[in-house]
Amino acid sequence: MSNTRRTEMLAAENKKSLFELLHKSPCYCIALDESCDLVDSEQMSIFVRLFDIENKVFREELLAILTFEGKTRGEDLFKSFDDFMKKSDLSYDKIVSISIDGAPAMMGKEKGLLKRIRDNNSGILNYQCIIHQTSLCSKLSATLKDVMNGLIKLINFIRSRSSLQHRQFKEFLCQCDSAYSDLLQHNHVRWLSKG
């Protein structure tokens with residue numbers, strides 16, 4: 001059996017167990033982020049946070065990445081999201097909250113993705129992603145912008161320039177009993193709230 005086939009089988013098993021947890025869970029939260037990759041392919045990432053009843057822990061997982069051809073208007077995003085929900089046999093009624101970026105296609109009051117999801121469950125709470133809010137705040141002040149730019153350069157240097165430094169940094173975090181075991185590579189946020 002090839003490594004590719006083993007990887008595909010493992011991915012299918014992980015996906016199956018995640019959907020079993022979702023179906024057992026009384027409710028869950030979703031985070032949506034629409035972005036463009038390096039080769040200009042539009043995609044929407046769907047993350048889910050749920051309480052794993054069997055293991056009594058909260059879990060955060062990447063649920064799906066939906067790709068788009070052509071336009072990414074609110075109705076296009078919703079159609080793809082709705083098709084995914086129906087195909088996966090997931091209920092809008094179990095969604096408690098949604099975290100999204102501030103892009104007009106997501107936030108639009110009449111045609112946005114959030115409005116269309118709320119048409120299926122009016123009780124959903126919505127939040128703007130904290131990463132987008134932080135990025136916006138850092139652009140408001142010259143001092144904060146300088147601090148943020150320096151921090152971004154440092155994080156990206158540790159993450160991508162030297163494998164040895166990255167491993168040493170992770171070991172340092174472990175020795176300090178840090179709540180986090182690693183740093184995420186930072187990318188500038190494309191969409192920010194217009195409000």
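Analyst: Buried means under 20% relative accessible area, exposed means over 50%, and partly exposed lies in between (1.4 Å probe, protein chains only). The structure is a predicted model, in which local features need pLDDT of at least 70 and side-chain atom pairs count only at pLDDT 80 or more, whereas totals for chains, interfaces and linings use all residues. Residues are numbered from 1 along each chain as its sequence is written, and side-chain values use heavy atoms, with hydrogens and water left out.

User: With which residue does Glu75 form a salt bridge?

Analyst: A salt bridge is a side-chain nitrogen of Lys or Arg within 4 Å of a carboxyl oxygen of Asp or Glu. Here Glu75 is paired with Arg116, and their closest N and O atoms are 3.5 Å apart. Arg116 belongs to helix H4 (residues 113–120) and Glu75 to helix H2 (residues 74–87), so the pair ties together parts that are 41 residues apart in sequence. Helices (H or I, at least four residues) and strands (E, at least two) are DSSP runs numbered from the N terminus. Arg116 counts as partly exposed, at 23% relative accessibility.

User: Which residues are linked with Glu75 in a network of salt bridges?

Analyst: The network links Arg73, Glu75, Asp76 and Arg116. Within it, Arg73 and Asp76 meet through their side chains at 3.0 Å, N to O. Arg73 is partly exposed, its relative accessible area being 39%. By the salt-bridge rule, the count comes to 11.

User: How many residues apart are Lys79 and Asp83 in helix H2?

Analyst: Lys79 and Asp83 are four residues apart in H2, about one turn of the helix. They form a salt bridge, with the closest N and O atoms 3.0 Å apart. Lys79 counts as exposed at 52% relative accessibility, whereas Asp83, at 37%, is partly exposed.

User: Which residues are in contact with Phe81, leaving aside its neighbours within four places in sequence?

Analyst: Contact means heavy atoms within 4.5 Å. On that basis, Phe81 is in contact with Ile30, Leu32, Met44, Ile46, Leu66, Tyr92, Leu113 and Ile117.

User: In which sense do E2 and E3 run?

Analyst: Two strands pair if DSSP finds at least two bridges between them. E2 and E3 run antiparallel and are joined by 11 bridges. Arg49 stands opposite Glu60 in E3, and Val48 stands opposite Glu61. Four residues lie between the strands of this hairpin, in which Lys56 takes a positive phi near 55°. E1 and E2 also pair in the antiparallel sense, over nine bridges, with Tyr28 opposite Leu50 in E2.

User: Is E2 largely enclosed or largely open?

Analyst: E2 is largely enclosed by the rest of the structure, because eight of its 11 residues are buried. Phe47 lies in E2 (residues 42–52) but is partly exposed, at 40% relative accessibility.

User: Where is Ser97 found, and is Ser97 buried or exposed?

Analyst: Ser97 is found in strand E4 and is buried, with a relative accessible area of 9%. Not counting residues up to four places away in sequence, Ser97 touches Tyr28, Cys29, Ile30, Ile124, Leu125 and Tyr127.

User: How many helices and strands does the protein chain have?

Analyst: The protein chain has seven helices and five strands, in the order α-β-β-β-α-β-α-α-β-α-α-α along the sequence. Of its 195 residues, 32% are buried. Among contacts between residues at least 6 apart in sequence, 59% join residues at least 24 apart.
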